[in-house]
Each structure stands twice: as structure tokens, then as C-alpha cells.
Amino acid sequence: MVTDDIMTPLVALLKECSTGLDANQLSPKKCRGVNKNYIEDIANEAINLLWNICECNNTALYIFNKEGCLEAVLHYMKKFATNVDLAISVANCLQAVTEDNPDLLSSFNASAQQILEAVMLSPESTMKHILLRTLIAGTIWNIKDTIPPGSLGSTVNAILKIFSESLAIDAGETIIRMNEAEKNRLKLAVEPETEENMSDTTENCVLSEDDNMEEIPKGKFRTENDVSDLLPSDKWELKEVTALLTAQQTALEIIVNMCCSEDPSDDEWEELSSSDESDLFMENSYNEGSGLLLSPLCLSDEVNSAFLNNLIPKKILEKTAFPNSVAVDICMHNPSWKPLIKKLNAVQCRALTCLQSILLVSDVDCLGGASALQSLAQHLSQLIFSKTELPTDTEFLEAVTSALRALLQTMASKNISQCMTPEQLLALCEAGIQSSNASVRVNVVSILGISGSVLAKGQDTAETLKMIGKFLLEVAMKESSLVVAGEALDALFDVFADGEEAERAALQIKLLSTLKEFQPVFRMRIRKEGKGQYSTDQLCVLDNVKMNLRRFIAYQETLGKTPT
């Protein structure tokens, strides 16, 4: 559509509608003028189209910047008090156009920021207004570089306060309550109308701007909080719940972004991978204790303080639980509510991803200490093993194994005892390695490596280490994905790096001879399959694994020559 020049008429339409709005006109609570209806409804559709185009097309984003669309879009936001649906469309658009768009930052002057601040401070408590404030908080996070350093701490705290308020609402209980409200409303709606009802209908008409009488039955009065004219008017309870779940999912996704620092660009990786210093870099940045590249992730003081002040870790943990079974049952038996199940599951998965991010960037003491981490490990174990069969949903499995991987890594680095049994670990890994999702397979292999390295430091663990070693060897040699195979090798290096139990197990499974035979095969696979199939950062990691495979074989050979 952009190549067909849809942006020219779209921008013109937006600006035309913007000039047609009068911020001081009579509130739609008292009057619904025909012209105002058309202008705001057309603007709503145009902004939704602009949002979708700019979100997926850089040319459209460039035109948005060049044509000064921000001013017109922000003008619509001034209607948030009287048209929340229009404001939500604007907020979605703003969040999209401010993400990774430094050229737009200079356009956010004091007046623009005051408009956003007014929305954030709005007191309305409907779910749609919660969604609106959440989206605007995300926009302000995107433009945080325009905020004076002295105000950054209070701004971040205000953002996370909004997220905390959104996450504090129990979506399951809200579904139960709203569904009951819908039933009561529909029950009243089907009662036979009496002559008195009919006369009330006539008496309760609304006077339009042109002094004509527009008949609107009592109980059907349309306000700014009603659903869009394009959607069924009798689904406001459903739309309130949908707005809440969208707000919670959005909040969790932004929190993940707040935890993540920028990754090296593809050009930087390419330069690094092809340089003579690549091996030296890998040697220096490889953590022998964890088998992982050292992570650059860290929380700024402002974000860390705001996280703790607003109880963000606690709110996230609450959202990792399975959805309310009563609420799910209501949705299952109501076709129009059934799509909410997917949204409930999405919130849980985003919460697990959030948990993983916080574990990677937070200090153990900030997370509540060793006992809190052990309780968290039990919680994640219950999510995985609470049912007779292990979960098969790919999105959930990726999220929960990512969180468990980060947790076990944190516990291992602090020598905190782990509470999952070897049998549970192997059961999880045997199920996870069958997943079609490579990230799930990487996670379960890494989990086994982390737990195996802890077991290797204990006593009488050789038999368990043998099972772990055989499993990891099989994955390394038979796995179709080089990334997963590389992770399995990394896990082997961790498990059999040190300890008498590990040495005994390594001899019994013939680890050294197997790896020596596999080494040329792995090198050949990297040369043949690497380019074109894997990204530059994945190739960089695979080069690192190849180098460490050579070192590990040399290390194992020295063990064989050392008298026991």
C-alpha cells in the first residue's frame, strides 16, 4: 500500500479531520452532533490504518516524521476524556511510531509531553482507561531520552506505577464478574415491555444539536465509554475484559524491554566474527563457570528502584500462575468469550518471559534472597509437573523453560541448592527435546547442563551424571539444529568440567573418544550449514563452541594421563 502512495491521501485526511475537531465543543455526553460523529469515527479508522502501516513499514514511518503527523495525532489525543476509543487508537499509533525512531524525538516538545502527562494522570477507572494509560506509559518509555535527567527517576516510577495498577487486577475474577453483569443485563433486556415501558421510551429521547428529537430508548443511552459504532453495542462487558487483558499483556511486554539493553548490531558481529581477534574475544568473554557468554544486561538505578517501589516482581510472579479455572470454564462455554482464553494464556506467557528478564538483571537480594528463589523454583516446577502429562503448548513451554533456565543459572552462580529432582529434570528434557521449537530444545539442554554441573560437585552422583551425559551426547550428535547441538556441547563442558564423580561418569560413557570422533563432523556441519541458515551472532556462538570443544578434548586427554 505504501508503494501505491496511500500515505499522501491518508496524511491529508488526518490533517483535515484534525482541523475539524474543536476541543471546546459540547461534550458528547450531552450531545452527539452528526458532524462530530463522522469526524471522530473517520479519524479513528484513519489512525488505526496509520498505526498498522507505520508498524511494519519504514517508508511510512519516514513519511510520518517528514510530514509532521505527530501534531495532528496528538490533537486527537485531547479527546481522551470524551472519546476513549479514539484515544486508544491514537495511543497504539504513538507507541508504534515512537519505538526505535530517534528522528521523532525532537518533535516531542513540552506541549506534546503535557498532553501525554494529562492522560497518565487521568482518574477514570474503566478497563479501557487502564489500557489507555498503559499504552501512553509505553510511549513515554520510548521517548525517555527527551526527559531531563533530573526527572527521569520520577517518570520511570510513574510509568511502573501504572503497570503495577494494571497487573494488580485479577483478570479471572473480572471475567466472572463481567460475565455475571452481562447475564443480568441481557435478562432485563428480554423482559416484555409494558405500556409504561413504551411511554418511558418516548419520554427519554435526546435532543440533538439541530433541536430534532432522536429516539434513544432508556438504558441504551450512548456515552463515550460505549463500544465502537462498528462493533456490537451489547458487548461492553466483554470489551472491558479484553481491554484489561490487552493492558496487562502490553505492560509485561514493556517491562521486558525495560530489562533489556541493546544488542550488538549485525555489522558489529560480522566485523568481530571475521577479525583476527575473534578467538581472543571469545576466550575473554566466555564464562568457564556457566558455559554462557557474559550478558551485558543490567538495570539502571532508576528502573531498579521503581521496580521495588511498585512491587513489580511480586505482581509478575502472580501473573505466572495458570488462569482461573472458573473463568476459563465460563469462556469455554460462551462462543463470544472463548477468544479470551488465548489472551489469558498470553498474559501468563508474557509474565514468565518477564520473570526470566528480571532474573537475568536483578541482584539475588533484590529478589528476596535464597529462600525466595527456592520457592520460585518450586512454583515453576509445579507449573511444569502439576498435570499428569507435561505441557505441550509451544509458547508456554518456551516461556516456562526460559524462566527456569534463568532461575537455575542464578541459583547455581550463588551456590543455592536446587529443588528439582534428577528424574524431574530428565523427564522435562525428554519431553522438551521433542518440541518443534528450537528455543525450547535449547532451554531444556541448558537446564540439564546447569543442574548437571551442580550435581558434579556432590557425592555419589556418577550414575545420574552418566544419564545426563548420554542424553547430551545424543542431542549433540543427532540434533538437526546446529544451535541446539552447540548448546548440548556447552552443557557437556559444564557437567564434566571438574570433580571425581564427573571423571568417573565420563570414563564410563566414553566421553573423550566419542567427542574426538564427533569433532570433525561438527566442524564440517558449521562450514556447510552455517552460512545462509544462521545469523551472524549464532555463527559467532558456534565458533565459540567449536573452540571450546577443542579445549575440552585437550583437557580430558590430560586427565587420562594423570595418575588417579
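## Glutamine 348

Glutamine 348 is found in helix H17, which covers residues 339-361. This is a predicted model. Is glutamine 348 buried or exposed? Its relative accessibility is 3%. Buried means under 20% relative accessible area, so glutamine 348 counts as buried.

What does glutamine 348 touch, leaving out residues up to four places away in sequence? Its contacts are Lys319, Thr320, Ala321, Phe322, Pro323, Leu383 and Phe396. Take phenylalanine 396 from that list. In sequence, glutamine 348 and phenylalanine 396 are 48 residues apart. In space, their C-alpha atoms are 8.0 Å apart.

## Alanine 370

Alanine 370 lies in helix H18, residues 369-385. Its relative accessible area is 36%.

Neighbours within four places in sequence are set aside here. Alanine 370 is then in contact with Val364 and Ile416. Alanine 370 and isoleucine 416 are 46 residues apart in sequence. From C-alpha to C-alpha, the two are 6.3 Å apart in space.

## The whole chain

The protein chain has 26 helices and 4 strands. It has 564 residues, and 48% of them count as buried.

Now consider contacts between residues at least 6 apart in sequence. Of these, 77% join residues at least 24 apart.

## Two helices side by side

Helix H19 spans residues 394-413, and helix H21 spans residues 438-455. Their axes are 9 Å apart. The two helices pack at an angle of about 25 degrees. Angles under 35 degrees count as roughly parallel, so H19 is roughly parallel to H21. The crossing of H19 past H21 is left-handed.

Which residues meet here? On the H19 side they are Thr394, Leu397, Glu398, Thr401, Ser402, Leu404, Arg405, Leu408, Gln409 and Ala412. On the H21 side they are Ser439, Val440, Val442, Asn443, Val444, Ser446, Ile447, Ile450, Ser451 and Val454.

## Aromatic pairs

A pair of aromatic rings is described by two things: the distance of the centres and the angle of the planes. Rings pair if their centres lie within 6.5 Å. By this rule, the count comes to 4 aromatic pairs. One of them joins phenylalanine 493 and phenylalanine 552. Their ring centres are 5.0 Å apart, with 40 degrees between the planes, and the pair is tilted. Phenylalanine 493 lies in helix H23 (residues 482-495) and phenylalanine 552 in helix H26 (residues 536-561), so the pair ties together parts that are 59 residues apart in sequence. Phenylalanine 493 is buried, at 7% relative accessible area. Phenylalanine 552 also counts as buried, at 6% relative accessibility.

Another pair is formed by phenylalanine 518 and phenylalanine 522. The ring centres are 5.8 Å apart and the planes are at 35 degrees, so this pair is tilted. Both residues lie in helix H25, residues 511-533. They are 4 residues apart, about one turn of the helix. Phenylalanine 518 has 6% relative accessibility and counts as buried. Phenylalanine 522 is buried with a relative accessible area of 0%.

Which residues form one aromatic cluster? They are Phe493, Phe552 and Tyr555.

Technical notes. Residues numbered from 1 in each chain as written. Predicted model: local features only at pLDDT ≥ 70, side-chain atom pairs only at ≥ 80, totals over all residues. Heavy atoms only, no water. Phe/Tyr/Trp six-rings, centres within 6.5 Å; stacked < 30°, edge-to-face > 60°. Buried < 20%, exposed > 50% of the residue type's maximum accessible area, 1.4 Å probe, protein only. Axes fitted to C-alpha atoms, helices over the stretch in contact; angles between N-to-C directions. Parallel < 35°, antiparallel > 145°, perpendicular 65-115°, else oblique. Left-handed = near helix turned anticlockwise from the far one by under 90°. Contact = heavy atoms within 4.5 Å.
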